[in-house]
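Me: I would like to go through this model with you. Could you take my questions one at a time?

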Amino acid sequence: MIVSFISLALTGMSLKFSYTGWAVFLSHFFGGFESAGYIHRFAAVIMVSVFIIHLVDVVRTRKKELLSWKELIFGPNSMMFNKKDLKDFIASMKWFIGKGERPEYGRWTYWEKFDYFAVFWGIFVIGSTGLTLWFPEFFTQFMPGWILNVTTIIHSDEALLATGFIFTIHFFNTHLRPEKFPMDIVIFTGRIPLEEFKLDRPAEYKELVEKGQLENYLAEPYPEIVIRAIRIFGWTALSIGFSIILWIIYAMLFAYR
Amino acid sequence: MKIQRKKVNLKIIKRFSFLLILGLLYSGKVFSQDNSDCLMCHEDKTLKGTKSGRTISVFVNEKIIFSSVHSEVDCIQCHVDLEGSDFPHAENVKRAVCNSCHEDIQKLYDGSLHSKAFNRGDRLAPICQDCHGSHEIIPVKNIKSKVAPINVPYLCGQCHKEGSPVQLQRNISQTHILENYSESIHGEGLMKKGLVVTATCASCHTAHEILPHTDSRSSIARKNIAGTCAKCHAEIELVHRKVIKGALWEKEASVLPACVDCHQPHKARRVFYDQGMADADCLICHEKKELKSSDDGRSLFVNYSEIKNSRHANIACSQCHSGVKPSHTRPCDELTASVDCASCHSAIQEDYQKSVHGKLASKNDPNAPTCKECHSNHNILGKIDSKSPTFPLNIPKLCGNCHREGEKAAVRYRGTEKEIVKNYSESIHGKGLLKSGLTVTATCTDCHTAHRELPHSDPLSSINPANIPTTCGNCHHGIQEQFEKSIHSSLVSKSDKKLPTCENCHSAHQIIRADSEGFKHIIMIQCGNCHEEIAKTYFETYHGKVSQLGYTKTAKCYDCHGAHDILPVENPASHLNRKNVVETCKKCHASANRQFAGYFTHATHHDPDKYPWLFWTFWGMTGLLVGTFVLAGLHTLLWLPRSLQWRRELKRRQQDKNTNHKSEENVSDGNS
């Protein structure tokens, strides 16, 4: 998912900001605009596949854990927004302005859920417009040609939103905020130090303790080499992401025409 | 005529008084000196007389006289000395005279070479009878007449044929006159084809007033030759328009070659001949290597073999160095004028005088090239000789002598072109010429002309914007045809704005292949120079963006609009006409359809009137973008100080924990 996202961003941005020297460099780096196009579409297929596999996995998890659709969607581990998220959000705002304590976040925080559904929106918007640009001859059989101009704008601006959001807001919220700095590798390991877990997700910790299930989830940390590999990958992704952000800022502020 | 009439009157009076007296004295002898009186004795075939001591027959055939032009003339009208004499008259009769009737002709003859010789007592000199005969004179139109055109060469040839006493003993500069004449176009016409209007000896030398060519009154004097030849060749200057400037011919014939310089006297044929003023005479002096001008000491040596190997091999020295006087011991002693190539190459001279080069030359500018700067003087080889400086392969070097950066013409030049020769050498034309050796490639002179180089601002210039399509069309004719029908052509569009011509897109000296990558990129900028807005919007679309990345495998201006045949979309022949546009798209998008062609290839989201959908989509998306970033950004910024606080808190707790428990535990999340 990360690799395909970064590939899509790099190849796509090289076209969007084609008037910058960086774009020319990148385009040549990818072996020309045509091969960059192939990489872009290949990465898009991977991205959509990952998305679909995730949906299938969600459904399979429901079956495995013998959950009803209702439990799946509105259960405590669901990604769906619920009342607690609203409360957490309001509490967070108060905390931010110094009028309250840090809310006791649970399994998923509201910003994580926002990011999660942003992907749904993004996949739908960027994916569908991308298809029209991939197969313009097919789509113009039942749509006017100018739709392609419209989908180009949507595709490109939504992509800008997605990359911009991921490489700034998401990066900060997840990796760069001081207590996680420089990165949170839980996405790769699925493991978090207990002490950190206690403080970061007190609601979930308490629930596990209350249910007496905490012991079930305890595990040893990964060996140092695995952690290092993960960190190298993480650094790479972060660096590329930041580079893209710098490039976008440069392109939009200084080289725009 | 007056005198003649007086004489006739006198004769009549005399005759009447004579008749009267005789009639009174001897009846029956009234017409004592009638022709019959003469014939009484002279019709006797055996009658003899003496002349200069020799016995000769003095028989007169009455028939011959009656059939001659003088049938009506009395004997004594010619034999004037016998008038009134007794008969038989005295032995030594004077020569019959012609001037009693042909006084004007006699005058012409009196001034002639023949007459002067006769008066000197030259016994070879001819008089009337030698050519015309005596009693047997018949009309000139009669083919039997000795002076009928057909017989004139034989008549003159009697004395002037090779080996005759006249040719051997008298100072006649021409040799083999009759032989040469008989082989010439004139002689052939007369003698082989029987054309009696052909020029004979008398046509050029006149019949009676024959004078040497050194005599300025002579019909064959240098200044009169043209007039003499033009008696028959009346409009010959029209044929020789290129060779001889008409005006000069009339006003200043002496600077021009005379007819005989090329068409040798007596040998005139339809081809050029070595001319009369023999080159050998010039070479007597100019062959000497040490020959120097007394004025400035420059060498006057002439390498004759150079001339003989040049295009002027058949041109005599004096044809260029005109004004030599063959009668002088040193024919060139009065020669001051320099060679005027225009006496033969007048059309080229006219072009040259209009050119920048010519105008500078007329101001005596030392930088101005004249004919010889490019063509050299004696070693003129012509442009098809690979050794010639004007051979196509050598032209860039030739022009470069002055126009190369730093040279005298480049220093004077104030235009926009730089490094002209270098750029040309690297252009497609230059490479074609200098690397591939294609002699048909455009060189300097193909565009600028060889002799009428003018600045592009001059409407007559071959590189004036109005003329450039024609100039390029000399080779690229098919393109010219397309271009001249296109909207860019000044023949089609009337506009205050400057219309583009070939060089606006292809440049002047840096022309590169239109299928090269470099050109494909440049051309979009070239179009954008005039079509600024539309080019900008092109770069907002996929095609333009790919082009901007440096790739050419995408639609560029000319892929859709055409290159030289650009037409307004409403024109049915336009590539973008409703009828053709799908086909145009199909060049790249094989399954393009009508609606596909509705894609805005020059779309911009900055124009709400023209493209409302794009405008509102863009601003909608921008709103979404800005909105999201503002909210999320605000959220993050507010979070930052709390997060720092929280980090300190975590560190503190960690330290506490480390002091309390040395062991560390991990918890895994639900999904692992």
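Me: What pattern does chain A follow along the sequence?

Reply: This is a predicted model. In it, chain A reads α-α-α-α-α-α-α-α-α-β-α-α-α-α along the sequence. That comes to 13 helices and one strand.

Me: And how many helices and strands does chain B have?

Reply: Chain B has 36 helices and three strands.

Me: Within chain A, what percentage of contacts between residues at least 6 apart join residues at least 24 apart?

Reply: The figure for chain A is 65%. In chain B, residues 24 or more positions apart account for 47% of the contacts with a separation of 6 or more.

Me: Let us turn to the interface. How many residues of chain A are in contact with chain B?

Reply: On the chain A side there are 52 residues, in contact with 51 residues of chain B. Elements of chain A that each supply at least two residues to this side include α2 (21-29), α5 (83-96), α8 (146-176) and β1 (191-193).

Me: Which element gives the most?

Reply: That is α8(A), with 15 residues on the side of chain A that touches chain B.

Me: How do the residues on that side divide into nonpolar, polar and charged?

Reply: There are 32 nonpolar residues, eleven polar and nine charged on the side of chain A that touches chain B.

Me: Now α5(A). How far does it reach from its first C-alpha to its last?

Reply: α5(A) has 14 residues and spans 20 Å, close to the 20 Å expected at 1.5 Å a residue.

Me: Which of its residues are buried?

Reply: A:D88, A:S92 and A:F96 are buried in α5(A). Viewed down the helix axis, the buried residues of α5(A) fall within an arc of 70°, so they line one face of the helix.

Me: What covers those buried residues?

Reply: The cover comes from both chains: it includes α6 (110-134) of chain A and α36 (612-660) of chain B.

Me: And which exposed residues sit on the face turned away from the buried side?

Reply: On that face, α5(A) carries A:K83, A:L86 and A:I90, which are exposed.

Me: One last point: what is the phi of A:G98, which follows α5(A)?

Reply: The phi of A:G98 is positive, near 80°.

Conventions:
Residues are numbered from 1 along each chain as its sequence is written. Chains are lettered from A and ligands numbered from 1 in the order in which they are written. This is a predicted model: local features need pLDDT of at least 70, side-chain atom pairs count only at pLDDT 80 or more; totals for chains, interfaces and linings use all residues. Two residues are in contact if their C-beta atoms, placed from the backbone, lie within 7 Å. Helices (H or I, at least four residues) and strands (E, at least two) are DSSP runs, numbered from the N terminus. Ala, Val, Leu, Ile, Met, Phe, Trp, Tyr, Cys and Pro count as nonpolar, Asp, Glu, Lys and Arg as charged, and the others, Gly among them, as polar. The expected span of a helix is 1.5 Å times one less than its number of residues. A residue is buried if 20 or more other C-beta atoms lie within 10 Å of its own, exposed if 12 or fewer, and partly exposed in between; C-beta atoms are placed from the backbone. The arc is that of the directions from the helix axis to the C-beta atoms.
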